[in-house]
2 protein chains.
Amino acid sequence: MWLILVLTGVGVGVAGAWLDVLVRWLGDLREGRCAYGFFYNQVACCSEIEPGEVCTQWQTWSEYLHIRFIFAQSLLQSFIYVALAVAFAGSAAVLVKTYAPYAFHTGIPEIKAILNGYVLDAFLSPWTLLIKALGLALAVASGLSLGKEGPLVHVSCCLAFLLSKMFKHLHRNEARKRKMLAAAAVAGVSVAFGSPLGGVLFGLEELDTFASGTDVMWRGFVTSVIAAMALQYVDPFGTSKLVLFQVTEATTVWRWFELIPWLFLAVLGGLFGSLFIKMNAAAAVYRHNSILRSWPTLEVIGFSAITAAVSYLVVFLRVQSMDLVANLFQECDPTKVDFHGLCNATAIWANVFLLVLTAITKIALTAWTFGMMIPAGIFLPTIAIGACLGRAVGLITQGLHRTFPTAWIFNSCPPDPTVRCVSPGFYAVIGAAAMLGGVTRMTISLVVILFELTGALSHVLPIMIAVMVSKWVGDYFGKEGIYTVWIAMREYPWLPPAEFHDTGETAAGVMKPAERLVVIEQDESGITLKDLKRTVDTHPFHGFPVLLGDQLLGYATRDNLIEALVPLIVEDENMGEQRKGTFVPRQSGQDASIIDLSSLLEESVLQLRPEMPLELVVGMFQRLNLRHILFSQRGRFAGMVTKTDIVRLFTAEFPYTAALAEKLW
Amino acid sequence: MWLILVLTGVGVGVAGAWLDVLVRWLGDLREGRCAYGFFYNQVACCSEIEPGEVCTQWQTWSEYLHIRFIFAQSLLQSFIYVALAVAFAGSAAVLVKTYAPYAFHTGIPEIKAILNGYVLDAFLSPWTLLIKALGLALAVASGLSLGKEGPLVHVSCCLAFLLSKMFKHLHRNEARKRKMLAAAAVAGVSVAFGSPLGGVLFGLEELDTFASGTDVMWRGFVTSVIAAMALQYVDPFGTSKLVLFQVTEATTVWRWFELIPWLFLAVLGGLFGSLFIKMNAAAAVYRHNSILRSWPTLEVIGFSAITAAVSYLVVFLRVQSMDLVANLFQECDPTKVDFHGLCNATAIWANVFLLVLTAITKIALTAWTFGMMIPAGIFLPTIAIGACLGRAVGLITQGLHRTFPTAWIFNSCPPDPTVRCVSPGFYAVIGAAAMLGGVTRMTISLVVILFELTGALSHVLPIMIAVMVSKWVGDYFGKEGIYTVWIAMREYPWLPPAEFHDTGETAAGVMKPAERLVVIEQDESGITLKDLKRTVDTHPFHGFPVLLGDQLLGYATRDNLIEALVPLIVEDENMGEQRKGTFVPRQSGQDASIIDLSSLLEESVLQLRPEMPLELVVGMFQRLNLRHILFSQRGRFAGMVTKTDIVRLFTAEFPYTAALAEKLW
């Protein structure tokens, strides 16, 4: 087990690093190429240039093709930009559709369901691994509004699953497999964000590995460290730092008046987050019920063309999201190159307008993109949207301070107006935190990830407050985060970890009563194999309660019954079906012709009393990862509750429940 | 509930801040007083002095008393230092012994047990709150080797408990009370370290609030933020920062060769951590069985005299631990005042010797102190020990680099030998992490706390590696952390969250069989109240299984039975005891003279089959917070397993189990 985890950690670390390199190269390819080597990206190509010098090695396509006319230049540039974007996205869609339909989307809802006990091995096949990684690189590079974080978690789980196949005893134990997958998922997040701690917390909070105990946490911790070490060793960005977006800590002190714009951002994040979830769900349902459902590849191609065309027009949309976010988080520094005029103090209103436009466009684009037939993560776009909004608010606050430096509200600022009091870069971090909080409804892991991403240590408290308020506002419009909404739409058997409060109901209320269930009934002498076979053949249920009269003996799964019955019936074909078996353990010296089937009964099935409060029953399903509970009253079988019944309790009132339950593919 | 949590958060934040101020003043009082106001501490007293100027307002006692002779001066100084230390410690011990014996020690083992389902309301009384806070300030100021972190958690829980008494419905629901206490404990850690995130993680990892679901996490998060805000608002250190020990990030890059000394430190941390646990347990057992047990106050007075005398001789021991740690974490900076010669490059070996001496002395002092009759936390001393060791190793490494700047191992250092390559301050952080890991065996929360304490963001990975290795090394000598050891010594009914693997055993192995249990047996017509009363009076158990013949009806607690029986028997004194009751629900129209007792049966008692694998049974106890499980086989009562039986499974092989089980007080 440890071996698998170490290998997964190293594998994911290396894979993540190479994915980064690939994405950066493909992304830059849309704008130009390196003069002395096709396979260098822009930064690598220009890395030997002294600061201040102009990089001549990196040629835009029009330079490369020696086109002089301005008009032809820009036409060619935009054409190549859009064409390559469409080509990347299209090939990603073709790959996914043809080879691994499970590789689409983020994968996190499925992983949540799997860790919750759902068995879906096809989701973790080697093909899915390959296609997801490749398709992810293409999709990200195409400039569609999507991130690589969620899919990387999926890739990590696939890798661990593949490795686990080499160890038989591990592969067959579902509980251990789940634990291993949880650790692998943690490593995936760790690599995706370069945030080993955030990974562990993501595992704890969002993937709900609580239920599996502290050893999972410890394993995830180790795997996460190993993955981060592998990533740092490969060092894809050549910075020898894990931190992706370092905030230059110009001002380490924040002032109480800044809480006003930050609270505004938090409320905005909660509102837009909820809105985004609703739009995304509506888009998914619309797609599912319209003609688009039959033409997923065309949809991707068309939408990537639209995205590319729109993005080319707005400078903040055109650059790669990663660069955008990194620059929005950065404070303005006169000694550095200004990022597309962001620091131009005379153009505050133009910048604010551009940032808000970018945010709104990106919300619309992302809401549609997240759910198309390509691998797509939701984290990076959300961060970008939030960062745009935050920076805009920061610029406004800074503008106000510069215009009215003596207003009483700015009293706590240093008296010298040339000293920076408001740091718009940090407002972008707050905006990102609030938006992520609104969309995912995570709390602690979000704070840790952001704080590891940016290194804004002295500002933990404002980040925490923003996440908190944003979650409150969002929860007002619906408690579910985006992943939970997708799980409900797909109707995966996933139980939310939230507390369930009954209003005095007992288990009897949800229980399917005994008379409505298909059961295996034997009498004192047993049951004929023929009858047994008929029951099993007729009803495709997961398993059956076994009764002696009205007394409950136990529960036998269909798979186990079939496995046991087939050889018995083949054994002697003539009378086989007339033979009898019994589920009551046989003492020696009894009629040997009756076969002892008692070993087929599940050892671990719970039997409770139907008067038990519903709250407790739900708690057991949540904490013990059960599939079903049998109920008996003084030995008499009363009924059964399955996980599906409990899931329904939680999702009953949710509008989109099961909207996509027929599989999309 | 939210109201209580908000109030608790604010209360703890303010309390923690004032405690800091009080401790600092009392601590400085040992050395001198402020000329213009008795109630100022040294820093506040000198706060209006320009940098560079000598502070004349702060007078040592000999200055104050105008003593001129050097010999008399130092004699007086040391006498007052020791005398005040003894006075502080002694009065703390008297307070604890007289008014609130539960206020001694750290309190975290007890809180762990309470959150695990143990009911110990006396531990959370208002008296305990007051005495613990006051005693803590005195104990810390006395210079004994102890910290305020654990006790502050206890104070926070007491406060929440006190507030909860105002709300009846909350106070009577044990499960809700536990959730509230968990959130309060989180706020306590948050304030103790100024680390709101670390607090939440401490709650998750060490207090094991996993089991109670994600809503606890969310509540803890909010409480933690509020407490941190209150602390920041009060701003006891006047720095408007939460971060206690800011590491000056001179070098943000670390080099791979540094992993060698760091791994050495990690191994050292694991070894010394285990050694410390063993010494501490041995000291506690010795104290328990010797004459010291009857003279706790004298013991405190004597030991505080020894501590003060020893400490006065070694400069690093004399200063307050907080200052020591802050300076050890700091890099040397020529522009700042050198902390007791620590940065003197010519005295490396003297400093290393002094640091190692301090660490070893502190281990010995702390091992005895932690367990005396005063409030005492273990975190700060452990951090100090680790920081000393780490700084020593850092100084050696730096010395090696300065002596052999061209050795191949230092290749990755900048070629200019005057540029700092090795940062001994960060080695101190690593040392502290390793030592804490060895003593507490926490992982993630430790990393977060340290990283919030120091702001060493770019060094998360080395901290994580150090904690990981130190835990591995420590686990080799015994899996239990210090808190678990104390829980086992006190024999609290606390179940470790660790996985339990059976070797094929079933529940039947641990189960007390039916024939060895005291049960309430009724027949079809019921049971006389007289018989019932006799059973309840004779056996002081928590409750009894109720049978009809050999059929299990349920479980009734003794408290409930007594509460129901008393009025019935008083009601008609003559024939009362001859009346009958029955636990089978009565239909209307039946003999009305038989009293229906069926409502006394617990609704939520689990009934399982004895063939269930032991692993699953243990898992249920762990995750559902149960007290007992009844076992029945086809309706026939087979036996019972209680929490104590399960706890015994875990602690059976531990040498100190129950060594202090008779209460110390």
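B:Arg441 sits in the loop between α18 and α19 (444–454) of chain B. This is a predicted model, so keep that in mind throughout. B:Arg441 has a positive phi of about 60°, although it is not a glycine. Is B:Arg441 buried or exposed? Its relative accessible area is 7%, so it is buried.

Now chain A. A:Arg441 lies in the loop between α18 (424–440) and α19 (444–454) of chain A. Its phi is positive too, about 60°, and again the residue is not a glycine. A:Arg441 has 7% relative accessibility, so it counts as buried.

B:Gly431 is buried, because its relative accessibility is 3%. Leaving out residues up to four places away in sequence, B:Gly431 touches B:Leu265, B:Gly386, B:Ala387 and B:Gly390. B:Ala392 is 39 residues from B:Gly431 in sequence, and 9.4 Å from it in space, C-alpha to C-alpha.

Next, helix α13 of chain B, residues 296–313. It has 18 residues. From first C-alpha to last it reaches 26 Å, close to the 26 Å expected at 1.5 Å a residue. Its buried residues include B:Pro296, B:Val300, B:Phe303, B:Thr307 and B:Ser311. Seen down the axis, the buried residues of α13(B) fall within an arc of 155°, so they line one face of the helix. What do they pack against? They pack against α4 (70–99), α12 (259–289), α14 (315–318) and α16 (348–369) of chain B. On the other side of α13(B), B:Leu298 and B:Leu313 are exposed.

On to salt bridges. A:Lys512 is partly exposed, at 28% relative accessible area. A:Asp645 is buried, at 11%.

Then a pair inside one helix. A:Asp537 and A:Lys533 form a salt bridge, closest N and O atoms 3.0 Å apart. Both lie in helix α23 (residues 529–538) of chain A, 4 residues apart, about one turn of the helix. Why does that spacing matter for direction? An α-helix has 3.6 residues a turn, so residues three or four places apart point the same way. A:Asp537 is partly exposed at 47%, and A:Lys533 is partly exposed at 31%. In chain B, the side chains of B:Lys533 and B:Asp537 meet in a salt bridge, 3.0 Å from N to O.

Last, strands in chain A. β6 (residues 543–548) and β7 pair antiparallel over 6 bridges. They form a hairpin with 2 residues between them. A:Gly549, in the turn, has a positive phi of about 65°. A:Leu548 has A:Gln551 in β7(A) as its bridge partner. Strand β7, residues 551–557, has 6 of its 7 residues buried, so it is largely enclosed by the rest of the structure.

There is also an open sheet of 3 strands, ordered β5-β8-β9 (chain A), with mixed pairing. Its edge strands are β5 (527–528) and β9 (595–596), each pairing on one side only. β5(A) runs antiparallel to β8 (residues 580–582) of chain A, joined by 2 bridges. There, A:Thr528 has A:Lys580 in β8(A) as its bridge partner.

Definitions and conventions
Residues numbered from 1 in each chain as written. Chains lettered and ligands numbered in written order. Predicted model: local features only at pLDDT ≥ 70, side-chain atom pairs only at ≥ 80, totals over all residues. Heavy atoms only, no water. Pairing = 2+ DSSP bridges. Buried < 20%, exposed > 50% of the residue type's maximum accessible area, 1.4 Å probe, protein only. Contact = heavy atoms within 4.5 Å. Expected span 1.5 Å × (residues − 1). Arc of directions from axis to C-beta. Salt bridge = Lys/Arg side-chain N within 4 Å of Asp/Glu carboxyl O.
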